[in-house]
Amino acid sequence: MRALCWHAQKDVRVETVPEPRILNPRDAVIKVTSTAICGSDLHLFNNVFPGMMKGDILGHEFMGEVMEVGPSVKNIKPGDRVVVPFDISCGGCFFCKKQLFSCCDNANPAQVESEKMFGYPAGAAFGYSHLTGGYAGGQSEYVRVPFADVGPLKVPQGIDDDKVLFLSDIMPTAWMGAENCEVEAGDTVAVWGAGPVGLLAIQALKAMGAERIIVIDRVVERLALARQSGAQTLNTDDADVYETLYDMTGGRGPDACLDAVGMEAHGTGVIAALDRLKQAVGVEQDRPAVLRQMVRCARKGGRISILGVYAGMIDTWPMGVAFAKGIQFKMGQCHVQRYQDRLLDMVLEGKLRPEIIISHRLSLEDGPDAYKNFNEKKDGCVKVVMKPGMSRTRVVAA
Ligand code: NAD
Ligand code: ZN
């Protein structure tokens, strides 16, 4: 079968690899009908998230048709259409029982390696390095889904893939990030990043009743999409973030701040240049430009919700300010299985429209170009969906 494989920094190739098969009674094999590239994949593409090996199959946002199930899988059967959560969860451990599915204690076989890196055994995910289990990802024609009796979400036969695909990751992620903002009536929420996650967070925050949403980025077409979804926008190339947010909130600061950027944040000035250098030589894993800005901007007693992925140690971070302001923090990988049923209902009722962010529909063969364009935010690239059944196309906007 064909699959997108990681080789090195900025080196992703389409290759012919062996098809997966059932290995455990709780496995399923699915034929992928749609798969997307996530901002998290860019951290692998840029080699700032560790643990990848040459030939690893990428991809954790995918859906498709069930081909085969192991003897213990009773909830889905061949022919069903399913969306698969990016986090792999056993469903039975202490953490899964608390609905902390992305913290599952059983799904990641790389316990020793991840404990060395993080100080505790991490959860598991598809196509996301050997630290999260080394599982083959779904940017491929077929994929093995472990614990298929827990994760996959059955979707109606008639519905378009585009409408439900993002229930695999970014729609529940955006929902969890919005929930962690603990929106109250009259609240202003500032969202850093108008990428796919930030854009879907607007829909979630609106559904939760946020009065005003201010989205911060510098990619103009992404900011335009944010405005179309009902947010106000702030372009970091044109305005000082702190001054502008303070002006917009009567000198108080946003009630909640949401990070939809993560470890590759752009920034300006000496401190940002130092972050970039330290990340490049590996003495600091993350570039915390957005984290610093959020602490400075949030109002006293405000909330900070972090969805952007961070991998390690950061420094020059204003802990004293955060403490003095009494800021509350919530963060983490999404527990997709906690949200997916409710969000599927909302999509079917037309209350959420995640598909509006798709800019490119391509074949798997276009994957290497698509990674490059998405990374460089070129060609109007906001969200790429690949259809493994489709023959090679030019990289064009939909
Ligand atoms: P993306 O790379 O397409 O979008 C990030 C956006 O942030 C870009 O538009 C970029 O221009 C903007 N940005 C960069 N620096 C900025 C700054 N200083 N201020 C304001 N904006 C800035 O990625 P995405 O798919 O939207 O994902 C965003 C983040 O969410 C990534 O870190 C990704 O790994 C993470 N993520 C987390 C989860 C989770 O479960 N927590 C799930 C999915 C994605
Ligand atoms: Zn993702």
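1. Let's start where two helices touch: Met171, Pro172, Trp175, Met176 and Glu179 of H5 meet Val336, Arg338, Tyr339, Arg342, Leu343 and Met346 of H12. Contact here means heavy atoms within 4.5 Å, and helices are DSSP runs (H or I, at least four residues) numbered from the N terminus. By class, this contact has eight nonpolar, no polar and three charged residues. Ala, Val, Leu, Ile, Met, Phe, Trp, Tyr, Cys and Pro count as nonpolar, Asp, Glu, Lys and Arg as charged, and the others, Gly among them, as polar.

2. A quick word on the model: it is predicted, so local features need pLDDT of at least 70 and side-chain atom pairs count only at pLDDT 80 or more, while totals for chains, interfaces and linings use all residues. Residues are numbered from 1 along each chain as its sequence is written, chains are lettered from A and ligands numbered from 1 in the order in which they are written, and side-chain values use heavy atoms, with hydrogens and water left out.

3. How do H5 and H12 cross? The axes of H5 and H12 (residues 336-348) come within 9 Å and cross at roughly 105 degrees, which makes H5 roughly perpendicular to H12 (65 to 115 degrees). Axes are lines fitted to C-alpha atoms, for helices over the stretch in contact, and angles run from 0 to 180 degrees between N-to-C directions.

4. H5 (residues 170-179) has another partner, H6 (residues 196-207): their axes come within 8 Å and cross at roughly 55 degrees. H5 and H6 are therefore oblique to each other. On the H5 side, the residues in contact include Ile170, Thr173 and Ala178, and on the H6 side Val197, Leu200 and Ala204 are among them. By class, that contact has 12 nonpolar, one polar and no charged residues.

5. Follow H6 onward to H7 (residues 220-228), where the axes come within 10 Å and cross at roughly 10 degrees. These two are therefore roughly parallel (under 35 degrees). Pro196, Leu199 and Ile202 of H6 touch Arg222, Leu225 and Ala226 of H7.

6. Which residues are closest to ligand 1? They are Ser40, His43, Asp217, His266 and Cys334, out of 31 residues that surround the ligand (a heavy atom within 4 Å). Among the polar contacts (N or O atoms within 3.5 Å), a polar backbone atom of Val261 is 2.9 Å from an oxygen atom of ligand 1.

Key. Parallel < 35°, antiparallel > 145°, perpendicular 65-115°, else oblique. Polar contact = N/O pair within 3.5 Å; in protein donor to acceptor, adjacent residues only side chain to side chain.
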